[in-house]
Each structure stands twice: as C-alpha cells, then as structure tokens.
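Student: Hey, can we go through this structure together? I'd like to know what to look at.
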Amino acid sequence: MKKKIFLSPATINLYRECPRCFYLHMKYDIKRPRGPMPSIATGMDSVLKKYFDYYRSIKELPPELKDEMEGHLIEKLKPTYYTDIKNGYCLLGKLDDCLITEKSTYIPLDFKTRASVAEDIHPAYQLQMELYCMLLEGNGMKTEDIAYLLYYYPLNVNPKEGAGNILFGMDIKKVSVDMKNAKDIIESAIGCLERKEIPVPSEECEYCRWIERVYGRESLVGIPIKKDEKPPEPEEIIKEEEYKDTLF
Ligand code: SF4
C-alpha cells in the first residue's frame with residue numbers, strides 16, 4: 001500500500017521559496033544549511049500558549065483580543081491537524097490557537113514574535129494562514145476566509161523594576177485568506193515532487209550561488225548526492241516528519 005507523504009506549511013513555504021530545496025528536503029532528507037536559530041520565538045509561543053489556555057479554561061478571550069474579535073477560543077485544540085489532499089498526500093499543521101464564532105465558524109490565530117511592529121503580512125505567513133484554513137475545512141470545521149496574526153514585540157524595561165519586567169507591545173493583523181491560492185501551490189508542489197528532474201536553484205539564494213561560483217554551473221545540474229544514483233519514486237521516501245516551523 002502506498003504510504004502517505006506529509007506536507008506542512010513549513011515545507012510548502014519552502015517550495016514557495018525554492019522548489020529545488022523543497023525537492024531535496026522531501027525526497028532526500030537534505031535540509032538547507034542553517035546557522036544557530038534564536039529560540040526566543042519558541043519560548044514566547046510556549047508562554048503565550050499557557051496564557052491562552054488559561055482564558056480557554058474560563059471561556060473568555062484574553063483582554064487584548066476582546067475588542068478586536070468576537071467568539072471564544074476553541075475548547076479542544078488538537079496538537080496537530082491532518083487532512084488528506086490527493087493521491088496519498090496529506091497536509092498537516094499545528095495551529096497556535098483557534099477562535100470559534102457565534103456562527104460556529106473557525107478562525108486560526110497565530111503568534112508571531114518580532115523585534116518591532118510588522119508593517120506588512122509576509123507572504124510566508126499569508127500562505128501559512130491559508131493552509132491552516134484548508135486544514136480546518138478538511139476537518140469539517142467551516143472557516144470565514146480570515147485568520148489573525150498576533151504580533152508581540154519588546155518595548156522596554158522599566159529601570160526600577162529590572163529585566164524581570166520586560167514590556168511587550170502587541171499588534172493584531174487580520175489576514176484575508178484565499179484557499180484557492182494555497183490549493184494551487186500545493187498542486188504545484190506535488191507536481192514538482194513527482195517529476196524525475198531536480199528543479200533549478202532559486203536565483204536569489206546565496207547558497208547555490210556559492211556552489212556555482214566554486215564548482216561551476218554543472219555542479220547544480222542533476223542530483224548532487226551520488227553519481228549514478230537513481231532518484232527514488234515518491235512513495236519510497238515517505239515518512240512523517242514533525243517540522244517545527246523554523247520559517248515562522
Ligand atoms: S538555491 Fe540552493 S540552497 Fe538556495 S534554497 Fe534553492 S536549492 Fe536551497
């Protein structure tokens with residue numbers, strides 16, 4: 001039986017950035033090189049999750065959301081949501097939180113930690129929210145074609161109170177969701193995985209530019225793993241992987 005291939009907002013966004021890196025990641029488990037990652041966002045997420053869980057337990061919205069949105073936090077937030085897409089492909093994702101409205105519709109909420117206020121919605125976040133709506137719809141939870149990004153950013157430290165009292169600002173951005181866009185990108189990403197040829201590198205990324213400068217253009221053509229190794233069929237490589245969203 002064909003095993004499932006799991007796609008996530010992180011890997012679909014990887015495809016949006018560079019089909020080649022996505023292909024190498026999904027088919028060969030070769031991940032794009034990374035430097036040390038700041039863990040502040042993960043720490044903030046876990047603090048905020050506890051804070052939201054408290055308001056979930058008393059069936060209220062956190063005070064900073066009350067004037068901005070209606071409804072209440074979903075009673076049981078699953079750690080991971082899954083929905084089948086097609087031909088053995090499945091979308092998975094972890095929502096930070098979710099609102100349920102009086103009309104029994106669902107609206108994803110996502111925490112973002114930043115250095116300052118965000119001017120625009122990053123295309124990666126736009127797609128992430130569209131994929132979350134797809135996941136909810138795939139689980140029979142009707143959405144409103146909107147999502148909220150909840151940005152938290154440090155403001156200042158009161159010199160009298162010390163670093164234990166760092167003040168954070170908060171900004172809410174409403175995202176208009178276009179699930180057709182998400183479906184089209186998924187379709188295109190699946191098409192990419194099912195091709196035998198490795199995609200060309202993205203023009204902007206400096207890693208492959210570096211390889212090209214050192215080893216020449218030929219080094220970027222074909223599959224840089226082992227010579228004569230045949231690319232496996234997609235169904236041979238499946239494994240479920242929990243992608244901690246390092247992109248977000
Ligand atoms: S250009 Fe190369 S390193 Fe950069 S994202 Fe694409 S495959 Fe990865």
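Predicted model: local features only at pLDDT ≥ 70, side-chain atom pairs only at ≥ 80, totals over all residues.

Student: OK, which residues surround the ligand?
Tutor: They are C18, R20, C21, R32, P201, S202, C205, Y207 and C208. A residue counts as near a molecule if one of its heavy atoms lies within 4 Å of it.

Student: And which helices supply at least two residues of that shell?
Tutor: α2 (19–28) and α7 (206–215) each do. Helices here are DSSP runs of H or I with at least four residues, strands are E runs of at least two, and both are numbered from the N terminus.

Student: How many in the shell are nonpolar, polar or charged?
Tutor: Six are nonpolar, one is polar and two are charged. Ala, Val, Leu, Ile, Met, Phe, Trp, Tyr, Cys and Pro count as nonpolar, Asp, Glu, Lys and Arg as charged, and the others, Gly among them, as polar.

Student: New topic: in what order do the strands of the open sheet come?
Tutor: The order is β1-β4-β3, with mixed pairing. β1 (5–7) and β3 (81–86) are the edge strands, each pairing on one side only. Two strands pair if DSSP finds at least two bridges between them.

Student: How many bridges between β3 and β4?
Tutor: Five, in the antiparallel sense, with β4 covering residues 89–93. Across that pairing, D84 stands opposite C90.

Student: Now α6. Which of its residues are buried?
Tutor: M179, A182, I185, I186, A189, I190, C192 and L193. Buried means under 20% relative accessible area, with a 1.4 Å probe and protein chains only.

Student: Last one: what does β5 pair with?
Tutor: Strand β2 (residues 72–73) pairs with β5 in the antiparallel sense over two bridges, and four bridges join β5 to β6 (residues 106–113), also running antiparallel. L73 stands opposite L99 in β5, while I100 has Y106 in β6 as its bridge partner.

Student: What's between β5 and β6?
Tutor: The hairpin has five residues between the strands, and S104 takes a positive phi near 60 degrees.

Note on methods
Residues numbered from 1 in each chain as written. Heavy atoms only, no water. Buried < 20%, exposed > 50% of the residue type's maximum accessible area, 1.4 Å probe, protein only.
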